[in-house]
Structure formats: C-alpha cells, structure tokens
Amino acid sequence: MEVRYADLARRYARCAQEYDSAVLSVARSGQYVGGARLAEFEKSFAAFYGRPHCAGVNCGLDALALALRALGIGPDDEVIVPANTFIATALAVTACGAVPVFADANEYFGMEPSEIKRLTGPRTRAVIPVHLYGQVCDMDAIMKAAGKAGLTVIEDCAQAHGASLNGRMAGSFGAAACFSFFPSKPLGAFGDAGAVLTSSEETDKHVRRLRNYGSSKKYVHEELGSNSRMDEIQAAVLSVGLRHLEDENALRESVARAYLEGIHNPLIALPKVRPGSAHVWHIFPVLCPRRDELKDYLGGRGIDTIIHYPVPCHLAKCYASLGYKRGSLPNAERFADTELSLPCFAGETDEEIGWVIDALNCFGR
Ligand SMILES: *Cc1c(COP(=O)(O)O)cnc(C)c1O
C-alpha cells in the first residue's frame, strides 16, 4: 500500500470536463493575459467573500507584497508576522522594504494575539496573521490588539480558502486579505496565481496599478511596479475550482475527522480545533517528540509525509542579520522540531485513510 501526500490528479479527474473546456476556451479565444476570464474570476471570488474588490495576481507572495505597498507600508516600517509560517509571508515584508518582526504562536498554531502588544514599537505599522494549515486565527483578539496599537491588518489566507470562525470567513477581517492559488492550496490553479481582496476601492486600484508595471494607462508609469498579473488560463481554471471549493473542503474535512477519531497514540498529539472554527485542513499536522523517527517509520509503510516547516522564519539563514536566537520564540521552535503533516487530500480513499490511522496507532508499540 502506498499513500501519497497529495494527489492533485484526483482533483482534476473529479471535474475533468469542466477543466478541459475552461482551458480550451482560453486557448481558442486568442486572449491570454488581461481578458474576460480574469474579470469573471475576480467578480465571483469577491462575491464568495462578500467583499467589493478582488485583484487577481501572479502568486501569493506578490499578493502580500503588493497589498503591503498599496497600504503604504515601506522602508523603515516594521510588520509583525508569525515565525511559524511559510517564508513567503516574511519575504513579502522584505520585498516592500520593510522589516519583519517575528511573533510566536499559540496552541492552535495561529499567531498569539498578546504578541502584538509585546512587539509593537514606534516603527510598527502592520500585522499579518496567517490562517495556518487552514484554521482561522483568533481574529477577534487580533483585530482588537491591532486596533489598539494602530496597526493595519493584512490577512495571509494562502492556506485557508473557505475557512471560517463563528460563521465569519478568513479573508473578511483585514484591510486586505491575500491568497495564493498554488496548485496544492485549497483552491489551486494549474500553475502560480494569487489574489488580493479588499473593501477599499483605492487599495484595489493601487494593487491593480502595481501588478501592471505601475501603470493604469498604457505607457503612463506613475510608480515603480512589477509584472504580477494572473493569466487567463489560471483565471478560467480557478473559476471552475471555486465552484467546487466547498465540496473539496468537505472531502478533506471527512479525512481529518477520521484521523481525529481514529488516531490514539500517547506519542502523537493531534491538532486542536478552536470552538466555532470551520477548519479547511489544507494541512493535517500532528506533533511528535520523535518526529524524524515517525516520518521514517511511516515512509517505510509507504506513507508520504511533509514537515511544515522544519525551520521557523526567525531562524532562517536569509534572516540571520536580524539576530534572532534559538529559544526566543519557543512555540514556533517546538512546532518546527516536532510537526509532521499527514496525507490529507480530497479523494483520499477509506483504505488509504485506514492504513494511515493503523500505522500511527502502531508507532512506538
Ligand atoms: C503558499 C503560501 C504563500 C505564498 O504563496 P505563493 O503563491 O507560493 O507565492 C504565502 N503564505 C503562506 C502561508 C503560504 O502557505
């Protein structure tokens, strides 16, 4: 028996005809960048979230970097980001010239809200909570702390498409909400793509200018921009994916539920779900003090796993100049040392799920 970490071909196969016709219609249209499919996707994605504006971009990293710039964050500013996230969250801060300040996590893997007060200084301008693994952060407390400190909130929703807390969706809280549609994400393109949601027309216009060489009128370059656009094929594919997002999320949730009910091993801590949270399980993380041994053991049984993430951002080599020491953010470091992500994908079969559960229950016995 082999259980892959993920199998995107199964996602495609469930809706193959829709995906085929979306891609073909773009190929036949002769319009490949900046056309009707992007406008259509932006409209339906904004409507899904009940926010007035959505700007499609080329990836999640640029979604964050452009949103930061559009909200006026730049050189000499500081932005609070979690230490336990994919490095792109921090790289976006660096890309706009600002400095990331790393915060520790709580037991739900999200940013600990009290970190905002501790880390806010005279130059702090914004905070980027990341809805890590597909679970919404403690947004009531984060919005409150950020409001008190006068900080702009930008949500990193790259892992949390469709997740909600007490009925309110991740992506509906911040001045901007940034998405990645990298293929493996809960809503995935057939390549790189991303988006910025906002309720501000000005911010939306600014992101649109920045993604298009800093220009809103051809050959009039008002500021230094980049080429960060979403192409038509990705937009057409994402419009199909959006129609099936809630079904896909429900399929992953059923895998996660089986794991939560079936795995009983004192060596393995299961992920905690916050009351009122609709988790979308982009990642199913377990914690195990003998993590590397567990990874090898599962590998020996044909089960593929991934570590998210083996090095917390504050200890990444690229941020060595910021001078963080091991021990400074204990939860983020503990997660990096003990986390292991189990296969958890839409279309995972009962047999595969049972094989994973049995293997975890046998580990160390
Ligand atoms: C994937 C991801 C990103 C970056 O998105 P890309 O589209 O790969 O640039 C940013 N933040 C988090 C939390 C992610 O998981």
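How many aromatic pairs does the structure hold? The count comes to 19, where rings of Phe, Tyr and Trp (its six-membered ring) pair if their centres lie within 6.5 Å, and planes under 30 degrees apart count as stacked, over 60 as edge-to-face and the rest as tilted. This is a predicted model, in which local features need pLDDT of at least 70 and side-chain atom pairs count only at pLDDT 80 or more, while totals for chains, interfaces and linings use all residues. Residues are numbered from 1 along each chain as its sequence is written, and side-chain values use heavy atoms, with hydrogens and water left out.

A pair of aromatic rings is described by the distance of the centres and the angle of the planes. For Phe 179 and Phe 181, the centres are 6.4 Å apart and the planes meet at 10°, so this pair is stacked. Phe 179 has 0% relative accessibility and counts as buried (buried means under 20% relative accessible area, exposed over 50%, partly exposed in between, with a 1.4 Å probe and protein chains only). Phe 181, also with a value of 0%, counts as buried too. Tyr 259 and Phe 284 make an edge-to-face pair, with 5.0 Å from centre to centre and 70° between the planes. Tyr 259 sits in helix H9 (residues 232–262) and Phe 284 in strand S11 (residues 284–287), so the pair ties together parts that are 25 residues apart in sequence. Helices (H or I, at least four residues) and strands (E, at least two) are DSSP runs, numbered from the N terminus. Tyr 259 and Phe 284 are both buried.

Phe 179 and Phe 181 turn up again in one aromatic cluster, together with Phe 41, Phe 45, Phe 48 and Tyr 49. Some rings also have a charge over them (NZ of Lys or CZ of Arg within 6 Å of the ring centre and within 35 degrees of the ring normal). Arg 168 has its charged end over the ring of Phe 173, 4.2 Å from the ring's centre. The charged end of Arg 274 does this with Tyr 108, at 4.3 Å from the centre of the ring.

On to the strands. Strands of a sheet pair through backbone hydrogen bonds, either parallel or antiparallel. Here, two strands pair if DSSP finds at least two bridges between them. An open sheet of 3 strands runs in the order S7-S6-S10, with antiparallel pairing. Strand S7 (168–169) and strand S10 (277–278) are at the edges with a single partner strand each, so one side of each is left without a neighbour in the sheet. Strand S6 (residues 164–165) is joined to S10 by 2 bridges, and Leu 165 has Ser 277 as its bridge partner in S10.

Elsewhere, strand S1 (residues 53–57) has 5 of its 5 residues buried, so S1 is largely enclosed by the rest of the structure. From S1, His 53, Ala 55 and Val 57 point one way, and Cys 54 and Gly 56 point the other way. S1 runs antiparallel to strand S9 (residues 194–198), and 5 bridges join the two. His 53, for one, is partnered with Thr 198 in S9.

What about the ligand? There are 13 residues around the ligand, and Gly 60, Asp 156, Gln 159, Ser 180 and Lys 185 come nearest (a residue is near a molecule or strand if one of its heavy atoms lies within 4 Å of it). A polar backbone atom of Gly 60 is 2.7 Å from an oxygen atom of the ligand. Asp 156 places a polar side-chain atom 2.8 Å from a ligand nitrogen atom, and a polar side-chain atom of Ser 180 is 2.7 Å from a ligand oxygen atom. The ligand taken alone exposes 380 Å², and the protein buries 91% of that, with areas from the Shrake-Rupley method and a 1.4 Å probe.

Helix H4 (60–70) and helix H5 (88–95) each supply at least two residues of the ligand's shell. In H4, 9 of the 11 residues are buried, so this helix is largely enclosed by the rest of the structure; Gly 60 is among those buried residues. Just after H4, Gly 72 has a positive phi of about 85°.

Phe 109 has a positive phi near 80° although the residue is not glycine, and is found in the loop between strand S3 (99–103) and helix H6 (114–119). Trp 281 also has a positive phi, near 50°, and belongs to the loop between S10 and S11. Both are buried: Phe 109 has a relative accessible area of 5% and Trp 281 one of 3%. The peptide bond from His 308 to Tyr 309 is cis, with omega near 5°.

Terms used
Polar contact = N/O pair within 3.5 Å; in protein donor to acceptor, adjacent residues only side chain to side chain.
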